[in-house]
Amino acid sequence: AGLFTLLQLWLFFHTCYYEFRAYKKRRDLQRTKLSIRISFIILQFCALYWLITDTIRMGIDPWFKFLPSNEFMCSWLSYSPKVICIIYLSAWLHQIALRLQLSFKGSHLAVT
């Protein structure tokens with residue numbers, strides 16, 4: 001799980017660096033393209049958060065048993081993946097809709 005976390009962190013920071021650099025070079029991006037980029041960063045952040053909370057909850061806590069003694073952390077780590085799942089799937093569907101809109105823009109198959 002540690003390797004996946006490191007790879008996800010590297011991908012997240014690489015994407016943020018690349019998108020910030022691209023945004024500084026081209027400020028005339030269309031609103032749809034910018035929304036797709038922001039949605040992709042939100043997807044990566046949600047996946048990273050989900051991975052870290054599940055690693056703590058299912059990989060680290062069974063060995064060290066620190067969650068039952070901390071009521072706030074226990075409830076936070078047990079309920080937050082449910083909320084992040086909803087945010088992740090909403091951003092994913094939003095990104096699909098934007099990509100469809102951008103792909104078929106100007107054709108007879110355009111999404112209305």
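This is a predicted model: local features need pLDDT of at least 70, side-chain atom pairs count only at pLDDT 80 or more; totals for chains, interfaces and linings use all residues.
Local features need pLDDT of at least 70 and side-chain atom pairs count only at pLDDT 80 or more, while totals for chains, interfaces and linings use all residues. Residues are numbered from 1 along each chain as its sequence is written, and side-chain values use heavy atoms, with hydrogens and water left out.

Start with helix H2, residues 31–64. Helices here are DSSP runs of H or I with at least four residues, strands are E runs of at least two, and both are numbered from the N terminus. Ser-39 sits in helix H2. Its relative accessibility is 4%, so Ser-39 counts as buried. The scale is simple: buried is under 20% relative accessible area, exposed is over 50%, and partly exposed is in between, with a 1.4 Å probe and protein chains only. Leaving aside residues up to four places away in sequence, Ser-39 touches Ala-91 and Gln-95. Such a contact means heavy atoms within 4.5 Å.

Side chains of opposite charge can pair when their charged atoms come close. The structure holds one salt bridge, defined as a side-chain nitrogen of Lys or Arg within 4 Å of a carboxyl oxygen of Asp or Glu. The partners are Asp-54 and Arg-57, with the closest N and O atoms 2.5 Å apart. Arg-57 is partly exposed, at a relative accessible area of 27%.

Now the cysteines. The whole structure has zero disulfides, a disulfide being a pair of cysteine sulfur atoms within 2.5 Å. Cys-16 is partly exposed at 26%, whereas Cys-46 is buried at 4%.

Aromatic rings come last. Rings of Phe, Tyr and Trp (its six-membered ring) pair if their centres lie within 6.5 Å; planes under 30 degrees apart are stacked, over 60 edge-to-face, and the rest tilted. The count is four aromatic pairs. One of them joins Phe-12 and Phe-45, a tilted pair at 6.2 Å centre to centre with 45° between the planes. Phe-12 lies in helix H1 (residues 2–25) and Phe-45 in helix H2, so the pair ties together parts 33 residues apart in sequence. Phe-12 is buried at 12%; Phe-45 is partly exposed at 45%. Together with Phe-13, these two residues form one aromatic cluster.
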